[in-house]
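Welcome to this short tour. Please have your viewer open with selections ready, and we will go from stop to stop together.

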Amino acid sequence: MTIPVAPNSDLGQLTSKIRIIAREQGFDDMRVTDCDLSESAPRLQEWLDKGYAGDMDYIGNRFEMKIDPDKLVSGVKRIISLRMNYFQFRNESMDGFNFINAPDKGFISSYALGRDYHKVIRGRLEKVAQNVQSIIGAFGYRVFTDSAPVMEVELATKSGLGWRGKHTLLINKNAGSWFFLGEIYTDLDLPLDSPASEHCGTCSRCIDICPTKAILGPYKLDARRCISYLTIEHRGSIPKEFRKLLGNRIYGCDDCQVVCPWNKYASVTTVPDFNVRESLDGETLVKLFSWSESEFYRYTEGSPIRRIGYERWLRNLACALGNAPTSPEIIRSLELRKSYESELVREHVAWALDEHL
Ligand code: SF4
Ligand code: SF4
């Protein structure tokens, strides 16, 4: 990384300019923090030691880089933390808790209904940095979003973008929690912002609503129990104790965010990439389960859903079909996959058929 140019420039003014540039790129807020994560490191270590990360080995990997940003990007002085709203109104049957009344339809977490945010956010962070370079000349930077060696929520909390809610996600007082985070690690010595105050108070709605009791207590998440983990990150068989609790959630879960009172302040995204794809929202489980492998890859092109692959997609759908109200159509669609080539899928299909006996 290079030493920043323009050492005499007013870094406060530069921060204001970066904020304007970030807004032009669709970011809804931006704050600056330093690289000291010494308070967060023991909490992460304890969480990992308890096994709460499940088989997400990548969280523990490169631990040193995570807790010491300089080990990831040598010479980094500041981290610019940014957020981008993804909230969108969706199919009425899937909106809020209405999806409980549509158990024959597949529920997909809101963040995954548009274009893959990794590409969108990374591209726009890069543009922010390049536009700053066009003003001040070359400076050292690297951009990240949802990247394993970056403690995103901790950095965002330190920067004042919001506070960590009891469900462990970041909440912003004016925007709720339906947003993505991104970071620019930089050697620019920008002035620091202060952390935000916490406003969960005595509320425990997210803890109470969690279908699998994954939020063990305030700020304590056992990812192995979380439906987002089970349907997205987890590669193997879904433990039987959770299958009924998944309901019709086939990719992620939004319950703890839906009930959070701060989300009444959420704003609809201005980024067209996050527009809801009709083919993914409010579609029947039978229809989604009937997709061939090539159809799956066609309909999920550019979507984060692709990341789980066709086999896990069928696994999740088989679970949801096992939980759906019995109908000849559902039985028929499960029967058609009884001899599917993947043992993982066959086992979930057999379980689902048993649920309809
Ligand atoms: S996403 Fe769902 S399963 Fe995971 S903690 Fe939130 S409510 Fe619980
Ligand atoms: S639901 Fe309540 S306790 Fe949970 S994150 Fe929101 S405000 Fe905090």
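Before the first selection, a word on terms: helices and strands here are DSSP runs, at least four residues of H or I for a helix and at least two of E for a strand, numbered from the N terminus. Keep in mind as well that this is a predicted model.

**Stop 1: a loop residue**

With those names in hand, select Asp 146, which sits in the loop between strand S4 (141-144) and helix H7 (152-159). Its phi is positive, about 45 degrees, although Asp 146 is not a glycine. For context, most residues other than glycine have a negative phi. Is Asp 146 buried, partly exposed or exposed? Its relative accessibility is 39%, so Asp 146 counts as partly exposed.

Now jump to Arg 62, in the loop between helix H3 (57-60) and helix H4 (63-67). Here too a residue other than glycine has a positive phi, near 55 degrees.

**Stop 2: helix H1**

Select residues 11-24, and you have helix H1, with 14 residues. From first C-alpha to last, H1 reaches 20 Å, close to the 20 Å expected at 1.5 Å a residue. Colour Leu 14, Thr 15, Ile 18, Ile 21 and Ala 22, the buried residues to look at in H1. They cover an arc of only 120 degrees around the axis, so they lie on the same side of H1. Turn the view to the other side of H1 and you will find Gln 13, Ile 20, Arg 23 and Glu 24 exposed.

What do the buried residues of H1 pack against? Show strand S1 (29-33), strand S2 (78-85) and helix H6 (117-136) to see their partners.

Next, look at both ends. At the start of H1, a side-chain oxygen of Asp 10 comes within 2.8 Å of the backbone nitrogen of Gly 12. After H1 comes Gly 26, with a positive phi near 95 degrees.

**Stop 3: Arg 122**

Stay with helix H6 and pick Arg 122. This residue is partly exposed, at 37% relative accessibility. Leaving aside neighbours within four places in sequence, Arg 122 is in contact with Tyr 117, Val 143 and Thr 145.

**Stop 4: ligand 1**

Finally, centre on ligand 1 and display its shell, including Cys 210, Cys 226, Cys 253 and Cys 256. Helix H9 (227-233) and helix H11 (255-258) are the elements that give two or more residues to this shell. By type, the shell divides into 8 nonpolar, 2 polar and 1 charged.

How values were computed. Residues are numbered from 1 along each chain as its sequence is written. Chains are lettered from A and ligands numbered from 1 in the order in which they are written. This is a predicted model: local features need pLDDT of at least 70, side-chain atom pairs count only at pLDDT 80 or more; totals for chains, interfaces and linings use all residues. Side-chain values use heavy atoms; hydrogens and water are left out. The expected span of a helix is 1.5 Å times one less than its number of residues. Buried means under 20% relative accessible area, exposed over 50%, partly exposed in between (1.4 Å probe, protein chains only). The arc is that of the directions from the helix axis to the C-beta atoms. Contact means heavy atoms within 4.5 Å. A polar contact is a pair of N or O atoms within 3.5 Å; within protein, one must be able to donate a hydrogen and the other to accept it, and residues adjacent in sequence count only if both atoms are side-chain atoms. A residue is near a molecule or strand if one of its heavy atoms lies within 4 Å of it. Ala, Val, Leu, Ile, Met, Phe, Trp, Tyr, Cys and Pro count as nonpolar, Asp, Glu, Lys and Arg as charged, and the others, Gly among them, as polar.
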